[in-house]
Every structure is written in structure tokens, then in C-alpha cells.
Amino acid sequence: MQKSGVFVFRRHEVRRQSRATSLFKNNFQMKTFSDILLSWYRENKRALPWRDTKDPYLIWISEIILQQTRVAQGYDYYARFVRRFPDVKSLAAADDDEVMRLWQGLGYYSRARNLLTAARSMKDGVFPVTYEGVRALKGVGDYTAAAICSFAYGMPCAVVDGNVYRVLARHFGVDTPIDSTDGKKQFAALAQEMLEPSHSADYNQAIMDFGAMVCTPKSPGCMACPLAETCAALAEGRVADLPVKQHRTKLVDRYFNYLFVRLGNDTLLHKRVADDIWKNLFELPLLETDEDWDAAKFLGSDVFADFLHGHSGAVVRPLSRGVKHVLSHRIIHANFYEVVLPESVEFPGYLRVPVADLDAYALPRLVHAFLENHLKKQADSCKM
């Protein structure tokens, strides 16, 4: 028997020690919970390509893409990625820039860098077949390792992601913070107890889909929920309060000034190589400031003058100001300027590329969206 502050776990029994004890007065059976989820899943299973395979490589790619991406957005990225890199060997041999280009728009680019590192670490292109081997791959945590081993190999490993936290916290009324050490241990133990070992893959998919489609963060479908009768949070009116998080992510404001330099038909790019956001992506020349400068202050500043390196005759105009781009830990406030210079001007340290070839480079979504919109406006104006 394993004890925690809220539950007493047994292999086939879960007893709630709280105001909701009456919900479980008949020793609520693990099988009932899992059977309900599995029955719901059979009726509501989403048709997704990574569910029709036992190939651990394809499942790995899907899980990495879906770590920070909704299924609707990730679907096309997955299809393009595995079409270009159908196995470990092809990914391991890939050019870094091509991988980043395929990842463009998904964000959290460290995922793509980790995929490459992991693929290149697999001897002879063979995917690991043990939990320990999968867990040791770069960028693979407890959840991803459990998902791969469960879906590909049928191992009885319970997954615990945001959806699972939410379903378990609400159904069993657990208010231990999910981002605390105790909370992680408690939910991992509860998830493993609730797992149906003989149907681990379907059960894991079921509870995750249930959290994504029924027990949603906002406006959950409680009235039509097949688990409503035994849901502690619904009985206690605490659905909106669970799960609990003890820490809020502190957002840091950053102020970016991008320069769209025009040198005839060419422009300038540089590759971000520092350990910062968007590592290994290309972007327009960037001058970062400690606060949001208006156009007059920025264009009259030493930092802008230093960028020009004394080149005279520059024609400068603001193109877009106050563009807000929210990342997980940062809020980017971006301004874009066009700088037109003679075609003969050289800028050491920057990559000079034809404007027409910009699509060949992996760019942050913020920069890509600006260029796409601005160049479309230019093309439209030329047609008039």
C-alpha cells in the first residue's frame, strides 16, 4: 500500500480521504474509471496518422511536435517532417538548417535541435527498445518516454501530461500543486494506479484525449461527461480551481528593432547562435534596446549609427511599430524599419541573400509574418 496526503492507493482500489468520501463509499474500482475512459475512447477516437503505427521513430516525432503544439497545428508539420525524414538515419544525416526550416512556425525550436542530437546519438540508426534507452535520448522526459514505450512497445507506462493532470486532479479532487515535487510524485503514482496494463496504449490515449476534448481547461463538458457521477471537483464546485499551480511564469519584456536592409534586390540576414530564443534561426539585422524607443530616438541613436558603419545616403522609414509577440517566458515588442542603401555597400558579419530567396531560410514566426505581409503589400502595389 502506498500512502500520500490525500489518497490511499491499492492495486484495485482508490479511496478518497476528503469531503467527497461519499462518492467512493463503495470502494470505487480502478477498473470502472479505466473502463469508462476506454469505452469513451472507442466511440470518440480521433483518426491520427501516428496512432496507426507501432514505429517508435514516427511516434517519437509526433510526441515531440505535440509537446507544445495543438494537434490541429501539428498535423501538417508531422506529415511534412516524416515525409522528408522517414527514419532515424535520414534525420541523423540531415542538414541542420533544413530541419529548422521544416520546423519554422512551430516555435520552441530547441525541440528540433534535440531531435537532431538524439537521432545522431542512435547507433546504426536503431531506435532504443527499453524505457531507460528512450528516456536517455536528448529532449525526452518522463512523459515522452512513457508515451513512446506505451504506444510502440505496449509497456505499462502511464503518461502524465497537462491533460492527465487535469482529469486526475478534478476527478479525485487533488489540490496538491502539479508543479511541486510532492504533486509530481503524487500524480505519477495515481496515474500508474489508474493505468489499465493490458490496454496501456489505448488507456493513455484515452485519458489524454478526454482531457483535450471533454475535461478542457475552460468550459469543460461536465454535463455530458461520462465520469460526472464520481467527479469530486464537480460535486464540490471546484472544477475551475483544479488543477492547482503554485508558481506563475514570470514574463520578461524585450524590445527588438529589426532592420529590413535593401541592397538592390538583396537583403541581409544573420543566424542566431547564442543560447537564447530562436537559436539557429535566421533573422533580419536586430538591434535590441532596454526599452521601447520611438522612431526619432532609435534612428538618432549611436546604436543605429554604429550599424550603418558610416555609410551615407541611407533612406530609412518605419514600416511597423509595436508588434507584440508572446513567447512562454518573454514578450517581444518589435519595431521594423526599412533601410535602403546602394547595392555596392558591404556588411561584414551578415549574410547577403536575394529577397526572392528568403523562403529558403528558417525564420522566427515574428520575422516571417512581417516579411510575408510587407512583401505582399509591395507586390500588390506594383500591380496597381
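Is aspartate 124 buried or exposed? In this predicted model, aspartate 124 comes out as exposed, because its relative accessible area is 60%, and the cut-off for that label is over 50%. The residue sits in the loop between α6 (110–121) and α7 (131–135). Its backbone is worth a look too: phi of aspartate 124 is near 60°, a positive value in a residue other than glycine.

Asparagine 280 has a relative accessibility of 19%, so it counts as buried, the limit being under 20%. Most residues other than glycine have a negative phi, and most peptide bonds are trans. A cis peptide bond turns up between leucine 242 and proline 243, with omega at about 0°. Proline 243 is part of the loop between α12 (232–236) and β4 (252–263).

Now for the aromatic rings. The count comes to 20 aromatic pairs. Take phenylalanine 282 and tyrosine 361: their ring centres are 5.2 Å apart and their planes meet at 75°, so this pair is edge-to-face. Distant parts of the chain are linked here, since phenylalanine 282 is in strand β6 (residues 282–283) and tyrosine 361 is in the loop between β10 (351–354) and α15 (365–383), 79 residues apart. Phenylalanine 282 is buried, at 8% relative accessibility.

Another pair brings together phenylalanine 298 and phenylalanine 304, with ring centres 5.5 Å apart; the planes are at 45°, so the pair is tilted. Phenylalanine 298 is buried at 0% relative accessibility, and phenylalanine 304 is buried at 4%. Elsewhere, one aromatic cluster is made up of Phe256, Tyr258, Phe260, Trp278, Phe336 and Phe370. A ring can also have a charge over it: arginine 80 lies over the face of tyrosine 77, 4.8 Å from the ring centre.

Finally, threonine 69 is found in the loop between α2 (56–66) and α3 (71–84). With a relative accessible area of 8%, threonine 69 is buried. Leaving aside residues up to four places away in sequence, threonine 69 touches Gly74, Leu106 and Arg111. With arginine 111, the side chain of threonine 69 makes a polar contact of 3.3 Å, side chain to side chain. A polar atom of the threonine 69 side chain also lies 3.0 Å from the backbone oxygen of isoleucine 65. As for alanine 212, 143 residues away along the chain, its C-alpha atom is 12 Å from that of threonine 69.

Methods. Residues are numbered from 1 along each chain as its sequence is written. This is a predicted model: local features need pLDDT of at least 70, side-chain atom pairs count only at pLDDT 80 or more; totals for chains, interfaces and linings use all residues. Side-chain values use heavy atoms; hydrogens and water are left out. Rings of Phe, Tyr and Trp (its six-membered ring) pair if their centres lie within 6.5 Å; planes under 30 degrees apart count as stacked, over 60 as edge-to-face and the rest as tilted. Helices (H or I, at least four residues) and strands (E, at least two) are DSSP runs, numbered from the N terminus. Buried means under 20% relative accessible area, exposed over 50%, partly exposed in between (1.4 Å probe, protein chains only). A charge sits over a ring if NZ of Lys or CZ of Arg is within 6 Å of the ring centre and within 35 degrees of the ring normal. Contact means heavy atoms within 4.5 Å. A polar contact is a pair of N or O atoms within 3.5 Å; within protein, one must be able to donate a hydrogen and the other to accept it, and residues adjacent in sequence count only if both atoms are side-chain atoms.
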